[in-house]
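Welcome to this guided tour!

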Amino acid sequence: MDYKALAQQTAQEILGYYQDTSGWKVVKNSKKITVSSKASKKFHGNLYRVEGMIPESTSKLSDFLFKPENRVRWDNSLKMYNMVLKIDSDTFLCHTITQSFAMGSISPRDFIDLVSLKHYERNMDVISSTSVDFPAYPPSSSYIRGYNHACGYICLPVQENPTYSKLVMFVQTEMRGKLAPSIIEATMPSNLVSFMLNVKDGIKTQKISSRRGYHHNGHSSFLKKK
């Protein structure tokens, strides 16, 4: 499979969703986060659009969202998020296992996704993902294998304040299994708001940790100079 070509195609799809302003219906507005939806053209379900402001520069936000190392530390919707194949510095395959949600009515799923980061003009970054078949990680009896149709984030600087970024997320996840669509439609908007709040909290925690590290290193350097 030509993973690089697929990653480029998926990024273009995410850009297309971002530029598409018609047919969206607001389904939740909470804590300065807006969730909209429209019928997906990929499967019998919804494409969700989630928008919010994040107190971080675009480059740092993209780096935070893209790198797999710390994902489970801040994203409490996941049990596991592991890179299983590095294609290049901006593209990899990951194996994800979710937590159950909707008070246990939706059991954990696992996914194999192609994830890619691409930089565009005006400091816009696109992180895209889509599910792929990967023979080294076949579906198991432990989890229902879900499928992510083109999903991703668009990170944009806020012109009035470059220390903030606009984050727009697109999700169209096919849960599979025997779930009634009504359960997904009832629970997904709240879960997407929770995810955006996790991003904000994760960024805040990272900043605090960085400041502590800076003060600690600075103090150590001062002692050495003496």
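Start by selecting Thr91, which counts as buried because its relative accessibility is 0%, below the 20% cut-off for that label. Keep in mind throughout that this is a predicted model. Thr91 is found in strand E5, which covers residues 91-98. Now show its neighbours: leaving aside residues up to four places away in sequence, Thr91 touches Lys4, Ala7, Phe66, Lys86, Leu114, Val115 and Ser116.

For a contrast, jump to Pro162 in strand E11. Is Pro162 buried or exposed? With 56% relative accessibility, Pro162 counts as exposed. Next, draw a distance from the C-alpha of Pro162 to the C-alpha of Gly177: these two are 15 residues apart in sequence and 43 Å apart in space.

**Strands side by side**

Colour E2 (residues 33-39) and E3 (residues 46-54), two antiparallel strands joined by six bridges. They form a hairpin, with six residues between them. Zoom in on Ser36 and you will find Arg49 of E3 opposite.

In soluble globular proteins, nonpolar side chains tend to be buried together. The largest nonpolar core in this model has 34 residues, and among those with the most contacts inside it are Leu61, Leu167 and Val199. Helix H4 (residues 181-225) gives the largest share of this core, eight residues. Select Val199 and look for Ile54, Leu61, Phe64, Leu65, Trp74 and Leu167, which Val199 touches when residues up to four places away in sequence are not counted. Apart from this core lies another, of 13 residues, including Ala11, Val126, Ala150 and Ile154.

Switch to a surface view. The largest pocket has a volume of about 760 Å³. It is lined by 35 residues, and Arg71, Asp75, Ser77, Leu78 and Phe195 are the closest to its centre. Which element supplies the largest share of this lining? H4 does, with six residues. By class, the lining of the largest pocket has 18 nonpolar, 14 polar and three charged residues.

For the last stop, select Phe43, His44, Gly45, Pro181 and Ile184, which lie nearest the centre of the second largest pocket among its 17 lining residues. This second pocket holds about 280 Å³ of space. Again, H4 gives the largest share of the lining, here four residues.

Conventions:
Residues are numbered from 1 along each chain as its sequence is written. This is a predicted model: local features need pLDDT of at least 70, side-chain atom pairs count only at pLDDT 80 or more; totals for chains, interfaces and linings use all residues. Side-chain values use heavy atoms; hydrogens and water are left out. A nonpolar core is a set of buried Ala, Val, Leu, Ile, Met, Phe, Trp, Tyr and Cys residues joined through side-chain atoms within 4.5 Å. Buried means under 20% relative accessible area, exposed over 50%, partly exposed in between (1.4 Å probe, protein chains only). Contact means heavy atoms within 4.5 Å. Two strands pair if DSSP finds at least two bridges between them. On a 1 Å grid over the protein atoms alone, a cavity is a set of points where a 1.4 Å probe fits but cannot get out, and a pocket is an open set with protein on both sides within 12 Å along at least five of seven lines; lining residues have an atom within 4 Å of a point. Grid points are joined across faces, edges and corners, and a volume is the space filled by probe spheres set on the points. Ala, Val, Leu, Ile, Met, Phe, Trp, Tyr, Cys and Pro count as nonpolar, Asp, Glu, Lys and Arg as charged, and the others, Gly among them, as polar.
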